[in-house]
Amino acid sequence: MTKSSSIKTWVRRLLNPEALRYLAADDPEGDRSFAEGAAQVMDKQLDRRQALKAIAGAGAAGAALVQAACAPLGGRSEEAQHRWEEFFKKNYRLMTETERAETVTRLTKLAADDRGGAPHIQTTPAQPGVLFGYAFNISKCKGYQDCVKACIHENNLDRGENMQYIRIFEIENGQQSLASANGSYYHEVPADGHYYLGTQCFHCENPPCVDVCPVGATWKEEDGIVVVDYDWCIGCRYCQAACPYFGRRFNWSAPQVPPESVNREQHYLGNRPRKKGVMEKCTFCIQRTRQGKLPACVEACPTGARVFGNLLDPNSEIRYVLANKKVFRLKEELGTEPKFWYFTD
Amino acid sequence: MAFPGNRDRHGRHLTRMCLLSLLMLVGCSGPKPPHPARVADTIAAHEGPVQGPDTAHLTAELNRVRAEFPGRLQAADFFVETRVNQLKQAPCAQCHAAPVDLDKAPKAHWDIQLEHAGNHMMQCSTCHDPGDHKSSLIFLSGAALSMDHVYQQCGQCHFEQLRDWEGGAHGQRVAAWSGERVVRNCTGCHDPHQPAFPKRWPVHAARPADETLPIQEISHPEEGSAHD
């Protein structure tokens, strides 16, 4: 008999009520439920996830008991339960429709507790026949940064860290290098002798950030939008290192958004509140564009420098730009195939 | 040799090694496609007429009129935001019953500064006719034109912009990327009396440069050695 099997037998004998009978002989009223429950657990095959879930359930029940005792108002136990269930939910791509609806319900309730108003969280999927593309007119951009402001408000970006998805670079006429560009100008614009070029996530057709993610927390959707599952991200920042365009942002601290300016029209893969230690980035305003609206930056641009549309529609504006204007993309030699073009008048 | 199961164990070890090396071989020729996907190929493979998301509710409230291009056989398939309903000082007949002498200093229109291609080329009367056409604009020929279709007037000189505006590379679409295409009129973005965008302060102060990494330039090895 090997050593391991002998241990197993020993444990079984110890936890088997029959074998324990003699132990309880001097106390006939003794409680044997622990040993019986343990024997049941031993007989049942559990995988890791189920075991964690069982522990989570037990933990939630325990936490609920403590909180019910401490908080006379109640309601905290439900919140604790939701937080446990949120912690053990699946990757968004693996969820069934029911599971998606459940997590949305939980998130809505938790967000209502946190920020004093219930958000509307969509799970609108990509529509067939749609591939989003973007074009940026460097002749038209004047560097006003209305797009940046609109993006911050639309996407509930961290005001504490002054996070922004869009960066507008001020570049001297005749120069093309972004290394010598000024990304933090603050003076009257447009400055004489300069042009402006905006960057954000380019939603590459071959996104290097997706390839390097060790946990599958980021992927490219059918309509070409590269998204992040904020609840699956482990914050390793491989994607940030892999992106050649500095398109991704990391939450070094818990994002701060004033409750009165939270945009409550949200998407699970879009502008719903993020937490400390996860990546985020431009999603082409997935909560707007999947409803047919234009991204916030396009709508806010006062000079019409931004063009957005469906690349698969031959009559779309983006296709007109690609067919009729001189276009270029950044770092085309890398083969990332960004769906974000620059053009001039 | 003394262990009875030794030979058996040896055989198992060999099998495991074979399996491992097989796995490594398979791992090297992974499932990656040999060439990365090109957007152009994706477009070519999947393009076609698309029924996008329903956006009727987004464009329903917009005051719009179908764009017109005089002399064309086919009607335009897009709409332009109307202008007339936004104007406060038009039509001119609200105040002016008699023809106005444009040479006099404009009292009620003191705030209008004409900075459009220079006064030798553009004057009030280039676009306005305070005599015969008080409720409309005029073409260079003197014919009347509704203010809703001001793009036709601008396009007399700015024909390149008009062409791009019609296609979608100039100007701005309103409300929705799918469904009915409604675009801003020329005057929706430009002040026709001072069409250039003014200098102003940015509405947002970007993060300081030391916190945002600049996009690093890729240096090719051969170029690097040439510099050295």
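**Exercise 1. State what share of chain A is buried, and describe its secondary structure.**

Solution. Of the 345 residues in chain A, 39% are buried, a residue being buried if 20 or more other C-beta atoms, placed from the backbone, lie within 10 Å of its own. The model is predicted, so that local features need pLDDT of at least 70 and side-chain atom pairs count only at pLDDT 80 or more, while totals for chains, interfaces and linings use all residues. Residues are numbered from 1 along each chain as its sequence is written, and chains are lettered from A and ligands numbered from 1 in the order in which they are written. Next, chain A contains 12 helices and 12 strands; these are DSSP runs numbered from the N terminus, helices being H or I with at least four residues and strands E with at least two.

**Exercise 2. Describe chain B in the same terms.**

Solution. Chain B has 8 helices and 5 strands. Their order from the N terminus is α-α-α-β-β-α-β-β-α-α-β-α-α. Of its 228 residues, 18% are buried.

**Exercise 3. Describe the contact of chain A with chain B.**

Solution. Two residues are in contact if their C-beta atoms, placed from the backbone, lie within 7 Å. Chain A contributes 55 residues and chain B 45 residues. On the side of chain A, the elements giving two or more residues are α7 (146-154), β10 (306-310) and α12 (317-324).

**Exercise 4. Find the share of contacts that join residues at least 24 apart in chain A.**

Solution. Consider contacts between residues at least 6 apart in sequence; in chain A, 62% of them join residues at least 24 apart.

Conventions:
Buried ≥ 20, exposed ≤ 12 C-beta atoms within 10 Å, placed from the backbone.
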